[in-house]
Amino acid sequence: MIKYLHSMIRTSDPEASIKFYTEGLGLNLIKRYDSEQGRFSLYFIGETEDGPMVELTHNWDDRTYSNGDNFGHLAYRTDDIYGLCAHLQSMGVTILRPPRDGHMAFVKDPNGISIELLQDGYLDPEEPWASMENVGTW
């Protein structure tokens, strides 16, 4: 038996990242761990303590991170893709691929990670989303 636990993303701005995942996507900050000796903080974010999580790792030095092409994206299911995209857009989040088809969208988190949003089922196309062009790649 195997159980998916979490994906780890390094972040140089934990406050912006936590806000994106909690206020933007509606997930919960489940656990935080600070290591004085290791000079890092870990933030585990998910729906519940027993479910899969995103681990945000913040190293306390002044390192910056760049994304390689070996990491694709994280995916979340939602019951209102249009409402979630509008909410994220109002927070200044970049919508890489709008939910034109009522089923799938891609947004970018504060660390440059692509987040796939999938509608639970399909919604009829709605404006302004139906006629929007892609902003970037995912």
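User: In this predicted model, across which strands does helix α2 lie, and at what angle does the helix run to β8?

Analyst: Helix α2 spans residues 81-90. This helix lies across β5, β6, β7 and β8. Relative to β8, the direction of α2 is at about 150°.

User: What is the strand order of the open sheet of 4 strands?

Analyst: The sheet is open and its pairing is mixed. Its edge strands are β5 (73-78) and β6 (95-97), each of which pairs on one side only. From one strand to the next, the twist averages 30°. The order is β5-β8-β7-β6.

User: How many bridges join β7 to β8, and which residue in β8 is the bridge partner of Lys108?

Analyst: Strands β7 and β8 run antiparallel, and 5 bridges join them. For Lys108, the bridge partner in β8 is Ser114.

User: Is Asn111 buried or exposed, and with which side chain does its own side chain make a polar contact?

Analyst: Asn111 is located in the loop that links β7 (104-108) and β8 (114-119). Its relative accessibility is 16%, and because buried means under 20%, Asn111 counts as buried. The side chain of Asn111 makes a polar contact, at 2.6 Å, with the side chain of Thr11.

User: Which residues of helix α1 are buried?

Analyst: Helix α1 covers residues 14-24. An α-helix has 3.6 residues a turn, so residues three or four places apart point the same way. In α1, the buried residues are Pro14, Ser17, Ile18, Phe20, Tyr21 and Gly24.

User: Which residue with a positive phi follows α1, and what is the value of that phi?

Analyst: After α1 comes Gly26. The phi of Gly26 is positive, near 80°.

User: Where is Arg39 located, what is its phi, and why does it count as partly exposed?

Analyst: Arg39 belongs to the loop between β2 (28-35) and β3 (40-46). With a relative accessibility of 47%, between the limits of 20% and 50%, Arg39 therefore counts as partly exposed. Most residues other than glycine have a negative phi. Arg39 is not a glycine, yet its phi is positive, at about 60°.

User: Is the peptide bond from Glu127 to Pro128 cis or trans, and what is its omega?

Analyst: Pro128 is placed in the segment after β8. Most peptide bonds are trans. The bond from Glu127 to Pro128 is cis, with omega near 5°.

How values were computed:
Residues numbered from 1 in each chain as written. Predicted model: local features only at pLDDT ≥ 70, side-chain atom pairs only at ≥ 80, totals over all residues. Heavy atoms only, no water. Helix = DSSP H or I, 4+ residues; strand = E, 2+ residues; numbered from the N terminus. Buried < 20%, exposed > 50% of the residue type's maximum accessible area, 1.4 Å probe, protein only. Polar contact = N/O pair within 3.5 Å; in protein donor to acceptor, adjacent residues only side chain to side chain. Pairing = 2+ DSSP bridges. Axes fitted to C-alpha atoms, helices over the stretch in contact; angles between N-to-C directions. Contact = heavy atoms within 4.5 Å.
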